[in-house]
Amino acid sequence: MAQRKSSKSKKRSSDATAGSLEPVLVPNVLPVLAAKDMVAFPGVMMSLYLSRPESMRAVEAAMGEERLAFVVTQKSPEVEEPKGRDLYQMGVVAHIVRTLAVPDGRMKVLLQGLVRARAKKFEGKKFLSCRIEPLPSTPPKRVSAENQAIINRIRENLQVLVEYEHLPEEMLIITEEIQDPGTLSDVILAHYKVEIPYAQAALEELDPVKRLRLTDKTISDDLNKFILAEKIKDKARDEMTKGQREYYLREQIKQIQRELGEADMGSEDLQAVRERLLAIKLPKQANEEAFKQLKRLERMSPESSEYALLRTYLEWMTDLPWHAKTTDKLDLKKAKAILDEDHFGLDKVKDRILEYLSVRALNPDSKGPILCFVGPPGVGKTSLGKSIARALGRTFNRMSLGGMRDEAEIRGHRRTYVGALPGRILQGLKQCATRNPVFVLDELDKVGADFRGDPASALLEVLDPHQNIDFLDHYLNVPFDLSDVLFIATANTMDTIPEPLMDRLEILSIPGYTAAEKQKIATKYIVPRQLKEAGLAGHKVQFTEGAIQLVIERYTREAGVRSLEREIGALCRKLARDVAEKKKFVRVVDEQRVAALLGPTKYDPEVAEHSEAVGLVRGLAWTSLGGEVMPIEVSLAKGGGSLTLTGQLGSVMQESAQAALFYARANASVLGLEAEFHSKYDIHIHVPSGAIPKDGPSAGITIATALVSALSGRKVSKDIAMTGEMTLRGNVLAVGGLREKALAALQHGITKVIIPYENIKDLEEIPEEQRKQIQFVPVKHVSEVLALALVGRGKKSLPPRKKSKRRELSL
């Protein structure tokens, strides 16, 4: 404790505290705080509840520069206004750390014991004060072997009592680092429940070794009594019912708390917790754990740090929906009407959802697969979960997994520190207040992993219908049944989802919307919603079809409708401003009005080049945002035959480029190329938008066509695009994402698309209206691709080519 200056005469003293040995300047006269039911010790934090005006005035007097008071125990707790003759002569000089006004009019004072002191003379009128003589402890010496053996025995006995829950665990923590015998004795006796005269005798004993022996005897006697009591309980257990035993123990606890002056501090609260635990009828294992922790809590002081931890744990146990459920509404006609009302199109997805509900109607105990909606952003994956919840009459909860890297987010934190909480699964169930909500796990493909664990592995138990019946959260440490929860996952791509997790999911692909579908979605859903948001619902605002089409084609480029909703929202806000500022308000929004309000277009219509070009081919690619047109450029320069690949190409596309180059070398004579071109020219293959990484197995024929075009000098047709992978022999392999790629080609004004022959079956996935606008040409070999794509004559005429039967589809 820091030294303090005062005009009064002071004596320098020191005492061994639990933390340090520091000199303390103690005034000769100090205000007196009389304690009824406790004995203060040096080096120990204590709290007093004061109700007498004299005691409060003594605290106010002590709150000067020194903040020191003389804490001494009453000989009889029955005396309400103690004088000097009613107090013991030995007490403790204590530093007042903090004071707090209690709502019932009392004052709580937090004190730090500093040094023993003997009262020489009590005096004072408004409050009791005392002239004291500080009694510093003997400085710590080297501990003898005999005393060290006593210390070790004390620690062992404390460990036994804590293990049997006779003492709180914090007793071991606060004594762990104390080596001085006197300080160890003071700290233990201050926290031990002993009679007042006994504790006062220990305080008055100035020899630390004698105090150590006294402490050893106290703990040994207590341990022997505890062991004897346990034996007696074992013998009497058969004669005493469980209810009688609990009543007897509770009455004992109440009596002890009443003696300690703690009867009104939390006892009613804990009784309410007990009643709630009895009312909710927990499962057997959870019930045993909850009441075990409740018994520990009842034995603790509210001042203990572990008190709040256990109290929070019991609140979680009572707040979780162990039995609360909603009744499913399995009216399939109504469910279909809700799905159609909330979402346009998505017929396959709706059919699968209705199949799932049909099975639930016939077999309520069915444990069906976990549905996972995979598709670009903004296509309605999360809102489908909301519609399912509305159709079933269940509550809805959404948990975003994007960027999650800590396994404890799923399994919960262990109760080893303040602030620990259950995982977000149980947190969501608490919010829903039912054990069978519709629970959407959003962005499943964006789960990470680091030194804190792998959340994806933790989800294996959550999403397995045969395992989640006994889901173990680390915080609760008891099983919780998740089998009634309807989990639905969403993702933008399946590439980053681990295989074991994929095995537990049923994938439902939700492709991007066509322009016609976006037009209907905007008219039916987005425009009314945004008009309502902007406060224009009653102003009879109308959007023409041309205006919506202009926003779709020139201001957005996406697979979903999220950007479309933002742009329409921007239009509505600008109209709302005109109304608010009382400007001329035009209720009809047409193309001219859209251009005036939104400004220059963001995406001009991209069509095929006006003239053919050498070494430039338009490929089609699939991304998590939908389809894209991906031009590939090849350029030559005289050199030593190096191959340069730019545009942030992934390993798969780099291998496709290597395969295309080797095919051209192996078939140079057939393709009309120079025999030694690979040693005369440096070849540079580039895919524009270099800041965006690109990869995937669908660019083989595109790279080969661009390469042969550059080497032969033949131009590529301006109105054609292609997709497909190739082998070293030139065979064309099937690819995925044909629907998205076809829609991207149509959006860019391309009406002729070369596809692998094996992908003919996938044309059915493309909406009929869009199929009619595109001519699909299926091919089996690269030679067919080159015959279709290359026009004109190059540096060297190609030899006569045998005509192959080619099938062109315009559906």
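**View 1. Helices H25 and H28 pack at about 55 degrees, with their axes 10 Å apart.** This is a predicted model, where local features need pLDDT of at least 70, side-chain atom pairs count only at pLDDT 80 or more, and totals for chains, interfaces and linings use all residues. Numbering runs from 1 along each chain as its sequence is written, and side-chain values use heavy atoms, with hydrogens and water left out. H25 spans residues 700-712 and H28 residues 782-789; helices here are DSSP runs (H or I, at least four residues) and strands are E runs of at least two. Axes are lines fitted to C-alpha atoms over the stretch in contact, with angles from 0 to 180 degrees between N-to-C directions. On the H25 side, Ile701, Ala704, Thr705 and Val708 make the contact (heavy atoms within 4.5 Å), and H28 brings Val782, Val785, Leu786 and Ala789.

**View 2. Gln530 sits in helix H18, residues 515-533.** Gln530 is buried at 13% relative accessible area (buried is under 20%, exposed over 50%, partly exposed in between, with a 1.4 Å probe and protein chains only). Skipping neighbours within four places in sequence, Gln530 touches Glu565, Ile568, Gly569 and Cys572.

**View 3. Lys281 has a positive phi, near 55 degrees, and isn't a glycine.** Look for Lys281 in the loop between H8 (267-280) and H9 (284-299). Lys281 is exposed, at 64% relative accessible area.

**View 4. Gln648 also has a positive phi near 55 degrees.** The loop holding Gln648 runs between strand S21 (643-646) and helix H22 (651-666). Gln648 is partly exposed, at 43% relative accessibility.
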